[in-house]
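Biologist: Hey, I'm new to this one. Can you put it up on the screen and walk me through it?

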Amino acid sequence: MAVALLEDWCRIMNVDDQKSLMVTGIPVDCEEAEIQEVFEETLQSLGSYKLLGKIFRKQENTYAVLLELLEDTDVALIPTEVQGKGGVWKVVFKTPNQDMEFLERLNLFLEKEGQTVSGMFRVLGYEGVSPAAVPPVSPELLAQLVGQVIAHAPQPLLPMRYRKLRVFSGSTVPGPEEEPFEVWLEQATEIVREWPVAEAEKKRWLMESLRGPALDLMHIVQADDPSIGVEDCLEAFKQVFGSLESRRTSQVKYLKTYQEEGEKVSAYVLRLETLLRKAVEKRAIPRNIADQVRLEQVMAGASLSEVLWCRLREMKDQGSPPSFLELMKIIREEEEEEASFENENAEEQEEGDGYGHWDNESDD
């Protein structure tokens, strides 16, 4: 926070912080004459200057001195430290464009992460912070402010990368930087459901990724209904840019998917689930019977052990089909049990082979 102290001190003394220096780390037993002697030796290239004051920094148990430069000085000539009594003294100063350089670096970083300074504060409810208001703030104060905002945010901040979407235009010939619609939609849907911010902010964020026909569609749906929710916007994108696969096709594709040779039952169920969800989205399979349909298809399309088949059959007869995660848990437990049993048999076989080997040797 040395730069912030320099700025505050200059403001109190009513001097230009761009034409001032602060030297810190001066021992408390260093006399003023000794301080002047060090400055005369180390700062002579800066031209004439004026000693404005000295303060005691309790946390460091040292003095800091403020100097006003009386001549135009090339910042390249200002040393970052000088050798004085007790060791090295730090020289604190501001470059003419230091604030803007920091802001530019911060903006570049946030841009790569799909954010802006103003957008970050707006998301957190700090509507009064704008790009125009940021430059007068020193880099260190801005960094501190950002830290305070994050620490007192009403909900945890999601990683910036998580909010960034690749470009989607809906053009017939997509550009090299674009995502396929299905990939873009899956990412957008996940973020929309889990990102705890206002609908207006979600729509602004969504529009940043749109170009061409896709952006036109977004303007159209908002013009028809200014209060439309972002999930309804995504539904409109599905209708316009989504797959033209019919309900019947998605249903048949699901019902004709069977376990492949060498494929674990758990891997089959996972592959089947993707098709089931697409069929549900197409309304080819009612959502309220998805668990039942999943169970029936697994029993019909998978090669199940007798124990697992009986367990699933019992659940089916009782009218309590498991959810996807419950079914996966049951199947994984059975697969682990079978693997453990096979390992025990293999070990017993190896032990048996070993005893036979020694017995044969003794017979010789």
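Modeller: Let's start with a helix pair: α9 passes α10 in a right-handed crossing. One thing to keep in mind throughout is that this is a predicted model.

Biologist: Okay, and at what angle do the axes of α9 and α10 cross?

Modeller: They cross at roughly 130°, and the axes come within 10 Å. Here α9 is residues 212-224 and α10 is residues 230-241.

Biologist: Which residues of α9 and α10 meet?

Modeller: On the α9 side you have P213, A214, L217, M218 and V221. They meet C233, A236, F237, V240 and F241 in α10. The contact divides into 10 nonpolar residues, with no polar and no charged ones.

Biologist: Let me zoom out a bit. How many helices and strands does the protein chain have?

Modeller: There are 15 helices and 5 strands.

Biologist: And how much of the chain is buried?

Modeller: Buried residues make up 37% of the 364 residues. As for contacts with a separation of 6 or more, 61% of those are between residues 24 or more positions apart.

Biologist: Back to helix pairs. How do α11 and α12 cross?

Modeller: Their axes cross at roughly 160° and come within 9 Å, with α11 covering residues 247-255 and α12 covering residues 265-281. That angle is over 145 degrees, so α11 is roughly antiparallel to α12. The crossing of this pair is left-handed.

Biologist: What makes the contact there?

Modeller: S250, K253 and Y254 from α11, plus L272, L275, L276 and A279 from α12. By type, the residues of this contact are 5 nonpolar, 1 polar and 1 charged.

Biologist: Now the nonpolar cores. Which residues in the largest one touch the most other members?

Modeller: Those are Y254, V269, L276, I285, V298, L304 and L312, out of 26 residues in that core. Helices α12, α13 (290-301), α14 (306-317) and α15 (324-363) each supply at least two of its residues. The largest share comes from α12, with 8 residues.

Biologist: What about a second core?

Modeller: A separate one has 24 residues, including W195, W205, M218 and I228. M218 is also one of the α9 residues that meet α10.

Biologist: Changing topic to E273: is it buried or exposed?

Modeller: E273 counts as buried, at 6% relative accessibility. This residue is in helix α12. Setting aside residues up to four places away in sequence, E273 touches R294 and F324.

Biologist: And where is E263?

Modeller: E263 is in the loop between α11 and α12. At 16% relative accessibility, E263 counts as buried too. With residues up to four places away left out, E263 touches Y258, Y268 and R271.

Biologist: Last topic, backbone angles. What is phi of N14 near?

Modeller: Phi of N14 is near 60°, a positive value in a residue other than glycine. Most residues other than glycine have a negative phi. N14 is in the loop between α1 (2-13) and β1 (20-27), and at 72% relative accessibility N14 counts as exposed.

Biologist: What about phi of N61?

Modeller: That value is positive as well, with phi of N61 near 55°. N61 lies in the loop between β2 (49-57) and β3 (62-69). With a relative accessible area of 46%, N61 is partly exposed.

How values were computed:
Residues are numbered from 1 along each chain as its sequence is written. This is a predicted model: local features need pLDDT of at least 70, side-chain atom pairs count only at pLDDT 80 or more; totals for chains, interfaces and linings use all residues. Side-chain values use heavy atoms; hydrogens and water are left out. Axes are lines fitted to C-alpha atoms, for helices over the stretch in contact, and angles run from 0 to 180 degrees between N-to-C directions. Helices (H or I, at least four residues) and strands (E, at least two) are DSSP runs, numbered from the N terminus. Angles under 35 degrees count as roughly parallel, over 145 as roughly antiparallel, 65 to 115 as roughly perpendicular and the rest as oblique. A crossing is left-handed if the near helix is turned anticlockwise from the far one by less than a right angle, and right-handed if clockwise. Contact means heavy atoms within 4.5 Å. Ala, Val, Leu, Ile, Met, Phe, Trp, Tyr, Cys and Pro count as nonpolar, Asp, Glu, Lys and Arg as charged, and the others, Gly among them, as polar. A nonpolar core is a set of buried Ala, Val, Leu, Ile, Met, Phe, Trp, Tyr and Cys residues joined through side-chain atoms within 4.5 Å. Buried means under 20% relative accessible area, exposed over 50%, partly exposed in between (1.4 Å probe, protein chains only).
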